[in-house]
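Good morning, and thank you for coming.

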Amino acid sequence: MRERSIFAIVIISMLLLVVGYLAATQLNLMPAQASTRAVLVDQLFHVLVGTAAVVFVLVEGILVYAALRFRRRAGDETDALPIHGNTTLELVWTAIPAMIVVAIGFYAYQVLTEIEKPAPEPMVVEVIGRQFIWQFRYPGQGVTTQELHLPVNRPIRFEVTSGDVIHSFWVPQFRGKRDATPGRVSEFLVTPTEIGTFPVRCAELCGPGHANMTTQVVVESAADFQAWLAGEQ
Amino acid sequence: MSMSTAAAAPGGGWRRYFTWNTDHKVIGVQYLVTTFGFFLIGGLLAMLVRAELAQPGPDFLNGTEFNRFLTNHGSVMLFLWIIPVLAGFGNYLVPLMIGSRDMAFPNMNALSYWLIPPAGLIMLASFFVGAAEAGWTAYAPLSIQTPVGQTLWAVSVMILGTSSLLGAVNFVTTVFTMRAEGMTFWRLPLFVWGMLATSLLVLLATPVLTAGLVLIAMDRVAGTLFFSASNGGDPILWQNMFWFYSHPAVYIMVLPAMGIVSEVYPVFSRKPIFGYKAIAMSSMAISILGLTVWAHHMFTSGMDPRLRIPYMISSMIIAVPTGIKIFSWLATIWDGKIRFTTPMLFALGFISMFLIGGITGIFLAAIPIDLHVHDTYFVVAHLHFVLFGGSVSAVYAGLYYWFPKITGRMYDERLGKVHFVANFVGTNLTYLPMFLAGLLGMPRRVSDYSPEFATLNLMATLGAFLLGTSVLPFIYNAVVSWVSGPKAVANPWRSLTLEWQTDSPPPAENFHQLPVVTSGPYDYGQPTSVPGQAQAVPAAGD
């Protein structure tokens, strides 16, 4: 009987690892990656998806199995066994999740440090949220626009603030947002890596026009960006 | 016997429920019925929101109306339904479960209830003067600038916080001073432990929200500038004060619910709860840790980057006591003799759906991921899985489980199962698509969205309509069974906790003779455990 239990545990563990691996590598749940931080965030995300899949299948599996296997037989009005606990089991199911969250915490901290590492010479763009538009200022260039243009592969430091209520500056393909708070300038670092046009959406309820407080970010070659900038001046 | 059935019998004693009555059982029913009414109102608001979001493009609500509906949906559901309904269960059950005749402060108990209907009316009346429209989170400065209804909202929430606070004082005093002879702390039912852990949070956190609401009200009506950045104030101050309460609030919304399911699993597995002390201690751990995580709602706020780290750590650590509870519940039903009554079905549904909410909480705790999904539909999905899939499932489990005790009649089991299936399918259909919508780029609290999210939103709306319909079999079942259902015996479930060792419904004095407790509440399977571990020995000084 013990050999059968160990065999079952081994098989189930292997199946769970397969489920986790498949979930981590095959599930495409994020939008396109258009920045350096997106790549790192997605790696963390996929590791969590794999872990979550294992935990989910394991726990739900136990639940469904137990519900089916330990149904009361018709006519049986007696009680089951008076089992109150099992210290070893309880220590294991305390220690293992603790180790998992510690590992995830460390990995997340590592990713965070990496994606927020200041670059030596970023290009600064001021982002001002107002009900219900986005304004982008290129300091030193005398340019203020409502459509964000960025040169590809250049580190950008967004300095985000608001002219009225709290908004939040979000480009899903960049993976990250920063609240636009009046009276405060908040930094947000992005290095765009893909040429293309991506949505900019407000992610903090700011009034009746919140859903329409959208614009776009155009990531283009350095030459195209300079041409556009010159045209705006 | 006839006096006790008349006590809860409709037509006979029903007028008591509309009066100032100090019997905790009457107050408990007042809470349960009143809050359920607000649940339906909050649900109606949700149906309107989901109807607007069924398709992209403006349909029948403009941005202002939409924001008002979503704000009051959240506010009604949290402050007028889930927090007080669990207090209602606490009110009805705690004195019975500990073997006392009532709560420590019966008049204050009645006050706690009677603060709720006026507060609810004030919040709903705000629709006539321009309802609150800044979300249930009411971030300043937006919430300083919105019309008059926002002030009414703040007043309403302050009143409800007071009700909750008074309740917590009552629960703690009752449990500490009025337990029956032999009812040691380690023999308390886990629902009582849940109420204790909850009360700790209510006592410590509610005053901070109240203070914040006073500042909001003063900025709105008295010309103060607490949250005005251009005048030396700080909008972030509101976020800290708000979330210092509102994060523990979500544990206030789930700890009693976990207590309910902890009562249900042993009875319908005929097996003791597995890891009783671990579950009790985990409740306290979640409560205490819950006071240390609030800034995980502020990772994108521009707060000092270094300060975010401790909040990530504490938010992840909370997964450990939560996991202990889930594994202990599974071990309870493992090797049991499971009976799939409606309360048990809802309790099992609780684990499966709360698990999804809990797992996605880890994603949110990881700062790099939160920076992407904060304030998106990922969060909306997460919160509804824990609050609706979790707490509301547990509330239904409790309503069915204690229905015979409270009303003296049995509900219809087949209708209960129909309700369960519709609720389970509806919940998953409504909220699973929202995870994807959030990840792919849909912000929350939007009255309109990019067409790429159309299919996901349509699915969510259809699920929501199914959920809306699913309450109908429950309401029919509850009303008809209460009026004319088959009479229930004192202990139809053969449970070992004290509330089942007295009549259904209990007599006004709860127990004909105060019990003397000689064993724990979940001693199933012992040859000597007899339903009625309470012995008919008159306690000294009774």
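In this predicted model, 76 residues of chain B are in contact with 69 residues of chain A, contact being counted when C-beta atoms, placed from the backbone, lie within 7 Å. Local features here need pLDDT of at least 70 and side-chain atom pairs count only at pLDDT 80 or more, while totals for chains, interfaces and linings use all residues. Residues are numbered from 1 along each chain as its sequence is written, with chains lettered from A and ligands numbered from 1 in the order in which they are written.

On the side of chain B that touches chain A, the largest share, eight residues, comes from α13(B). Helices here are DSSP runs of H or I with at least four residues, strands are runs of E with at least two, and both are numbered from the N terminus. That side of chain B divides into 44 nonpolar, 22 polar and ten charged residues. Nonpolar covers Ala, Val, Leu, Ile, Met, Phe, Trp, Tyr, Cys and Pro; charged covers Asp, Glu, Lys and Arg; the others, Gly among them, are polar.

Let us turn to chain A. It is divided into domain 1 (2-69 + 87-115) and domain 2 (123-232), with bounds from an automatic or database domain assignment. Their centres, taken over C-alpha atoms, are separated by 35 Å. Domain 1 of chain A gives nine residues to the contact and domain 2 of chain A gives 13.

Finally, chain A holds an open sheet of five strands, ordered β3-β2-β1-β5-β8, with mixed pairing; strands pair if DSSP finds at least two bridges between them. Its edge strands are β3 (143-145) and β8 (186-190) of chain A. Strands β1 (residues 123-130) and β5 (residues 156-162) of chain A pair in the parallel sense over seven bridges.

Conventions: Two residues are in contact if their C-beta atoms, placed from the backbone, lie within 7 Å.
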